[in-house]
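The sequence and coordinates come first.

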Amino acid sequence: MAPEQTFRAYTQAQGEAYAADRPRYPPKLFEFIIDHHSSTGGQLDTVVDVGCGTGQATRDLAPYFANAIGLDPSKGMISAARHSFTSAISPVRFEVSAAEVLGADLTPPIAQGSIDLLTAATAAHWFDMTKFWFSAARMLKPGGTVAIWARTGLSVDPIMTPNGAAIKAVVDEAVDELKSYMNPGNALSRDLYVNLPLPWTLVDPVEEFDKASFLRKEWKKNEDSAGKEDGDIGTMKAVALEELARVLGSGSPVTRWREAHPDKAGTEEDIVRRLRARIESFLHEVDVDPREEVLRRSEAVVLLMVKKI
């Protein structure tokens, strides 16, 4: 897979805007990861979050570990991460380094065999997974864990959202318009990593990982959602229209669309502004108060975990 270039080219200002618009992961996801890692013999000394972007997941992992490091190939993303996070209680290092080398190119480098938990939060679909797995085998401690997860993109629930069928239709139209601006990595994430290369599926398998320890867990949208709260994993979430527009606008396909249409970006012809206007119109059709423009956004999450022998 060709290296991801959209986020890699971000400036610090773009990174800060991205961080402001992206939703956090639910605490229960991190609790599940740490519980599984620890219960299978994993230690809590060093976590490395790779493809960390502006460090949202790195920050949430840091309190569990003595040392936390966020790595990303984008200088702008790392600058934004460093600028936005300072904590004496849970110190975090943010460094520019790619998933394929995992800090071996730093000065000083991250030591081989020093990482307890290696994570990638909705990022692995941009990696060269062959190089990643070989580097992970070199950098993890014996008994260390790789945890990779992703969540689905924009999806409006047509039943729980006012005038939901009409709104879902215009959202689907916008997604169709964006398809030509999606990379193969976007499809991997959308499909919940069904086709993500694993150590034993490579042409040259990475033997250091225990296939028997492999865990794949999905929290599916709309599955038993009636009794779940917004803090749960893979649920329907109440989201304001403004927030929905910001989340959509922070995605790489929209960034590429705007780069291809600089004359329309930020205007009323912008793809996100057009979508928002149409959603507002459908909400007003059923007399939703403009101060209460809230949709129900369904979400699915997949988590992959495997141990190093």
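## Model and confidence

The structure is a predicted model, in which local features need pLDDT of at least 70 and side-chain atom pairs count only at pLDDT 80 or more, while totals for chains, interfaces and linings use all residues. Residues are numbered from 1 along each chain as its sequence is written, and side-chain values use heavy atoms, with hydrogens and water left out.

The mean pLDDT of the chain is 88, and 87% of its residues reach 70 or more, where pLDDT is the predictor's confidence in each residue on a scale from 0 to 100. Over residues 223-230 pLDDT stays under 50, and for this stretch the model has eleven contacts beyond four places in sequence, a contact being heavy atoms within 4.5 Å.

## Overall make-up

The chain holds ten helices and nine strands, which are DSSP runs numbered from the N terminus (helices H or I, at least four residues; strands E, at least two). Of the 309 residues in the chain, 50% are buried; buried means under 20% relative accessible area, exposed over 50%, and partly exposed in between, with a 1.4 Å probe and protein chains only. Among contacts between residues at least 6 apart in sequence, 76% join residues at least 24 apart.

## Salt bridges

Side chains of opposite charge can pair when their charged atoms come close. A search of the whole structure finds 16 salt bridges, each defined as a side-chain nitrogen of Lys or Arg within 4 Å of a carboxyl oxygen of Asp or Glu. One of them joins Arg24 to Asp60, with the closest N and O atoms 2.8 Å apart. Arg24 lies in the loop between helix H1 (12-21) and helix H2 (27-39) and Asp60 in helix H3 (residues 56-61), so the pair ties together parts that are 36 residues apart in sequence. Arg24 is partly exposed at 45% relative accessibility, and Asp60 is partly exposed at 23%.

Asp270 pairs with Arg258, again through a salt bridge, the closest N and O atoms being 2.8 Å apart. This pair links distant parts of the chain, with Asp270 in the loop between helix H9 (252-260) and helix H10 (271-285) and Arg258 in helix H9, twelve residues apart. Asp270 is buried at 1% relative accessibility, whereas Arg258 is partly exposed at 28%. A salt bridge also connects Asp191 with Arg190, whose closest N and O atoms are 3.3 Å apart, and a network of salt bridges links Glu242, Arg246, Arg276 and Glu280.

## Packing of H9 and H10

Two packed helices are described by the angle between their axes and the distance between the axes. H9 and H10 pack at an angle of about 115°, with their axes 10 Å apart; the axes are lines fitted to C-alpha atoms over the stretch in contact, and angles run from 0 to 180 degrees between N-to-C directions. The two helices, H9 and H10, are therefore roughly perpendicular to each other, a class that covers 65 to 115 degrees, beside roughly parallel under 35, roughly antiparallel over 145 and oblique for the rest.

In this packing, Val254, Trp257 and Arg258 of H9 meet Ile271, Val272 and Arg274 of H10.

## Ser155

Ser155 is found in the loop between strand S5 (140-151) and helix H6 (164-178), and at 15% relative accessibility Ser155 counts as buried. Ser155 and Ser298 are 143 residues apart in sequence and 5.6 Å apart in space, C-alpha to C-alpha.
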